[in-house]
Amino acid sequence: MATDWLITGAGGQLGSVLLRQLVRRGAAGVGTASVSGPRPEVGEAFPIDLLNRDQVVALIQKLRPRYIIHAAAVTNVNDAYRQPDAARQTNVELTQQLLELASEFGFRLVFISTDLVFGGDEAPYAETDAPSPRSVYGKTKAEAEQLVQQSGVAVALRLPLMFGVPAVDRPTTFMNQLRSLLDRRELTLFNDEFRTPIWLEDAARACIETAQGDVTGILHAGGPERLSRLQMGELAAKALGVDDPRIQAISQCEIGSPEQRPADVSLNSARYESLFRHSPGVPMSETLGEIVRQLGVGK
Ligand SMILES: NC(=O)c1ccc[n+]([C@@H]2O[C@H](COP(=O)([O-])OP(=O)(O)OC[C@H]3O[C@@H](n4cnc5c(N)ncnc54)[C@H](OP(=O)(O)O)[C@@H]3O)[C@@H](O)[C@H]2O)c1
C-alpha cells in the first residue's frame, strides 16, 4: 500500500485538519494517531507509538511516502515542564530518527516547529533571528530545528498559535474558550501576550505547500496580524454573536507560571510570502464566519 503523504499526529488538531485537507483534495494520504488518543474524523490513521522505532520503520516500509509532515509532539508547555525527558524524547529524539529515515527512504520531511523558540523581547522574528526559548517545550523544539538544519534535507516550518475547529474530537484551548463565551462563563485572557495567530486551515495549507516546495532549513508561516489573547477572544465573541462577553483581561504577571511566558513572539513571514506569492494566513476576522459555521452555533 503506497501513499504520497504520511501525517504524524493525525489525532491532533493540526494533523487532523491536514489529513482532511488531503482527503478533500483527493491526495493519497494517511496519518498516524497515538495508541490511546482520538482518531481523526476524516481519513485513515494508523494507531502506533512513534517512540517504537520498529513500528515506525515498518509503517514507512509499507507506505513508502513521498512526504512526511511530522506534526506529532509533546505540545503542552506545562507537560513538557513537568516531564522534560519525555518531551525531549518525543520532540528531539523522534525527530532525529525521522531525519535518519528520510535519508534512508528518500521522503521529504517537514518538521513542525513553533514561535515559542523565541524569547519574546525582540519581535517580530525572522528566520535569521537566533532562537532564545524560555520554556522546556521551546527548548526541545529549538534543539530539533538544529538537527533539521544540520541534515540539509528537511525543513522546519515554524507555526504560531493556531485557532480553529479541529477535525478530531479533542479539547483545545481555543474550543474551550468558544464554549465559555457561548455559555456566558467568565473567560480570563492575557492582554500582554502577543502572537501572529493562524487559522488551522491556513496552517495545514502552509504545511502542504512547504512539503511540495524545495525549501530547506527554517521557514515561518505566521498569520498576518499581531494579536493579544484578549483581542482574539473579543473577535471570537463578536463572531459568535455574544454581545456581553464575560471576558476578564489580565496580565501575564498576575499568574504564577513556573516558566516565564514570552511577551511577543510575532513571526515575520516575508520569506514565505516571497516563496509562495501569498501570505500564509488570512486575518482572524475573515475566518470566524467559517469557524462559526463549522460549530453550527452563533446568531
Ligand atoms: N497548537 C498550537 O497552537 C501550535 C503552535 C505552534 C506549533 N505547534 C506545533 O504544531 C504541531 C501540532 O500541534 P497540535 O496543536 O496539533 O498538537 P496536538 O493536538 O497536541 O497533537 C499532537 C499529536 O501528537 C500525538 N503524539 C505525541 N506523542 C506521540 C507518540 N509517541 N506516538 C504517537 N503519537 C504521539 C498526540 O497523541 P495524543 O492524541 O495521545 O495526545 C497528538 O495526537 C506540534 O508539533 C506543535 O508543537 C502547535
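A residue is called buried if 20 or more other C-beta atoms lie within 10 Å of its own, exposed if 12 or fewer do, and partly exposed in between, with C-beta atoms placed from the backbone. Helices (H or I, at least four residues) and strands (E, at least two) are DSSP runs, numbered from the N terminus. The model is predicted: local features need pLDDT of at least 70, side-chain atom pairs count only at pLDDT 80 or more, and totals for chains, interfaces and linings use all residues. Residue numbers start from 1 along each chain as its sequence is written.

**View 1. Helix 1 is mostly covered.** Ten of the twelve residues of helix 1 are buried. These are Gln 13, Leu 14, Gly 15, Ser 16, Val 17, Leu 18, Leu 19, Arg 20, Gln 21 and Leu 22. They pack against strand 1 (5–8), strand 2 (29–33), strand 4, strand 5, strand 7 (162–163) and helix 7; a contact here is two C-beta atoms, placed from the backbone, within 7 Å. From its first C-alpha to its last, helix 1 reaches 17 Å, close to the 16 Å expected at 1.5 Å a residue. That expected span is 1.5 Å times one less than the number of residues in the helix. Just after helix 1, Gly 26 has a positive phi of about 80°.

**View 2. The shell around the ligand has 23 residues.** A residue belongs to the shell if its C-beta atom, placed from the backbone, lies within 6 Å of the molecule. The closest residues are Gly 9, Gly 12, Ser 34, Gly 37 and Ala 72. Helix 1 (13–24) and strand 5 (108–114) are the elements that give two or more residues to this shell. Helix 1 gives the most, with three residues. By class, the shell has eleven nonpolar, eleven polar and one charged residues. In this count Ala, Val, Leu, Ile, Met, Phe, Trp, Tyr, Cys and Pro are nonpolar, Asp, Glu, Lys and Arg are charged, and the others, Gly among them, are polar. Gly 37 is found in the loop between strand 2 and strand 3 (45–47). It counts as partly exposed, with 15 C-beta neighbours inside 10 Å. Its C-alpha atom is separated by 8.6 Å from that of Pro 47, ten residues apart along the chain.

View 3. A nonpolar core is a set of buried Ala, Val, Leu, Ile, Met, Phe, Trp, Tyr and Cys residues joined through C-beta atoms within 7 Å. The largest one has 84 residues, of which Leu 18, Ile 69, Leu 157, Ala 203 and Cys 207 touch the most other members. Eleven of the 13 residues of helix 7 are buried, so the helix is largely enclosed by the rest of the structure. Leaving aside neighbours within four places in sequence, Ala 203 is in contact with Leu 14, Leu 159, Met 162, Ile 198 and Ala 221. In soluble globular proteins, nonpolar side chains tend to be buried together.

**View 4. Ile 68 lies in strand 4 (residues 67–70).** Ile 68 is buried, with 24 other C-beta atoms within 10 Å. Not counting residues up to four places away in sequence, it touches Leu 6, Thr 8, Leu 98, Phe 107 and Leu 109. The C-alpha atoms of Ile 68 and Ile 208 are separated by 10.0 Å, although the two are 140 residues apart along the chain.

View 5. Met 284, Thr 287, Leu 288 and Ile 291 are its buried residues. What covers the buried residues includes strand 10 (198–199), strand 12 (227–228) and helix 8 (229–240).

View 6. Most residues other than glycine have a negative phi, and most peptide bonds are trans. Arg 64, in the loop between helix 2 (53–63) and strand 4, has a positive phi of about 45°. Arg 277 has a positive phi of about 65° and counts as exposed, with 7 C-beta neighbours inside 10 Å. A cis peptide bond joins Ala 123 and Pro 124, with omega about 0°.
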